[in-house]
Amino acid sequence: MAIYHLSVKTFSRSNGQSATAAVAYRAGAKIHCEHERRDHDYSKKRDVIHSEIFLPPNAPSWANDRQQLWNEVERAEKRKNSTVAREFEVALPNELNEQQRIALVQDFAKQIIARHGCAVDAHLHDDKGSYKSKENQHAHIMLTTRRLEPEGFTKKTRELDEKKSGEVVYWREQWAKTANEHLREYAIEIDHRSLKDQGLEREPTIKMGVAASALERKGVKTDRGDINREVAKYNKVLETNSNEKINDILSKQLKQATELHNKLQFIKRRLPEVKRDITEKQPKLYQAFDDLGIPTAEPEPIRSVDNEQERERIEPVSARLDRQVSTERHTNERRRELPPVGSSESNELGQGYNSEVRPADQTVTSTAPRGIAEPTQQPTEPIQQPKAPQATQEAVKAPTAPNKADEIAEKRLMVKDFVQRCKEVAQQAHRSQLDAIKAQAKPIYAEIERLKDNEPWNPFKTKAWQAELDKKVAQYNDIKSSFDDLKSQGVTKELIQAVHADEHRRNPMAYKNISAIEDEVTAYDQEQIEVLREQRQQQLVLQRSEVERDVVDKGIDR
């Protein structure tokens, strides 16, 4: 199993150490040290898997030679107590193969160069062959203490020596992130934090050291080994108790889920029977209501005075004229009230996929609502054609011959059918636009649901998870806003005009014919309105004359 380990150490002359000796041991090579005037020969070392030098851009060509590189490192340091090299020692995951471990170290070394500009000499070791114990894949990543530039080694990278700079903490976290990226396909993660910071109750073990580890391998028990064995027993007890608590919770949840499933199955089995009973008993129930005088049909809506006035204002005069022409043939019905031809209609735009997801300020987490509710449809105003001036009901008298009136009525129906067909095409286009937006929002909503169902247990991943969730929610809300705007607009005048333009483009002759018919109907309506106006004025004159005659007669009687 992959474990986390990264330690930082330095090599100093004050401790009798040299960079050439450290690199010769880790590379398993023979290097001549010009500063000490002797050879460091570790060429018989067999646990070195891979060695590689990494250099900044524009580094001098001699830096690719390991012996010359580290001799130049020694030469650049003048003091007798100088720090000549640094090392990052890291544990490599056993789940990765050799090539993958090399790629991981290469990735990490390049990050070091990009941040500090120093030279890096990395060496991968496998101690299994020498110690004949469990796998111990690790790497020694040697760093120069100075930046390497075209003219050679220059400034010291002192930020790695200062605790306040936080560089060591940064690289500990960076190693965990880099390793986790390479372990992603194995669904394994390592964590650089302490057990306490991770919120784990386990106790940490202590470091065995080289001597204690050698004795333990030979079967000799040590104090350090005893401590670690007791810690392991204690952690096992904690893990057992934790597992028991988890099992109890899972058992309760399983029981609740089983009960809910049984209830749903019972309802599913009973549903056909309930439907059949309702179908059989519904006519008898309606008959019983009728016998008691209780109405079962929906009552007619009561139109208020304002609605009636609004209807009178927008009602087409042509429709009234058509109805009045037919009533001319029945004089006994001339005075009866004419019902309205047109009434407000609702554009059926379809149900929208415009559910609200909690905004970012309320943090859409796993507690966010899972379902998206469909909004209530709002009726849209019908498309009204241009209207002619209104005439009062009492003054409507059509002197035109019935044949002409019938011909105009037929032509008016043709115009009305054409307008209705264009309106239906526009409504269909509007629905298609809404469906396209819903199709665009569907995968984003599915991704939101997936993220909410997969909230990470690792608190260090919660921030990235929340950011991704907020991003998807913002995308969904943008699409939802577009959907709401388009739906609230309904079938716009521009969309109707586009349909008319398409009809004219596809069949110009038919469109011109229907336009000519519409002009003829409009002219007829205007003519009838003029006649009605004259008749109305004549009636007013007659009424005024009758009033004057009555006044005169009353005066004579007196």
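This tour moves through a predicted model, from its nonpolar cores to selected salt bridges and loop residues.

**The nonpolar cores**

Begin by selecting I112, V120, I141 and W175, the residues that touch the most other members of the largest nonpolar core, a set of 29 residues. Two or more residues of this core come from each of strand 5 (83-91), helix 3 (98-116), strand 6 (118-126), strand 7 (137-149) and helix 5. Helix 3 is the greatest contributor, with 7 residues.

Next, centre the view on V120 and display its surroundings. Leaving aside residues up to four places away in sequence, V120 is in contact with E52, I53, F54, A109, I112, I113, I141, M142 and L143. Then select F11, I31, V73 and L148, which are among the 17 residues of a second, separate core.

**Salt bridges**

The model contains 29 salt bridges. E77 is buried, and its relative accessible area is 6%.

Proceed to helix 12 (residues 493-506), where R506 and E503 are 3 residues apart, about one helical turn. These two residues form a salt bridge, with 2.7 Å between the closest N and O atoms. R506 is exposed at a relative accessible area of 55%, whereas E503 is buried at 14%.

In helix 13 (residues 508-557), select E530 and R533, which are also separated by 3 residues, about one turn of the helix. Their salt bridge has its closest N and O atoms 2.9 Å apart. Both are partly exposed: E530 has a relative accessible area of 40% and R533 one of 38%. Now select K404, E407, K411 and E520, which salt bridges with shared partners join into one network.

**Loop residues**

Select N454 in the loop between helix 10 (402-453) and helix 11 (459-489). A polar atom of the N454 side chain lies 2.6 Å from the backbone oxygen of R450. N454 is partly exposed, with a relative accessible area of 47%.

Although N58 is not a glycine, its phi is positive, at about 65 degrees. N58 is exposed, with a relative accessible area of 63%.

Finish at A187, in the loop between helix 5 (167-182) and helix 6 (209-217). A187 has a positive phi near 55 degrees and is exposed, with a relative accessible area of 73%.

Note on methods: Residues numbered from 1 in each chain as written. Predicted model: local features only at pLDDT ≥ 70, side-chain atom pairs only at ≥ 80, totals over all residues. Heavy atoms only, no water. Helix = DSSP H or I, 4+ residues; strand = E, 2+ residues; numbered from the N terminus. Buried < 20%, exposed > 50% of the residue type's maximum accessible area, 1.4 Å probe, protein only. Polar contact = N/O pair within 3.5 Å; in protein donor to acceptor, adjacent residues only side chain to side chain. Core = buried A, V, L, I, M, F, W, Y, C linked by side-chain atoms within 4.5 Å. Contact = heavy atoms within 4.5 Å. Salt bridge = Lys/Arg side-chain N within 4 Å of Asp/Glu carboxyl O.
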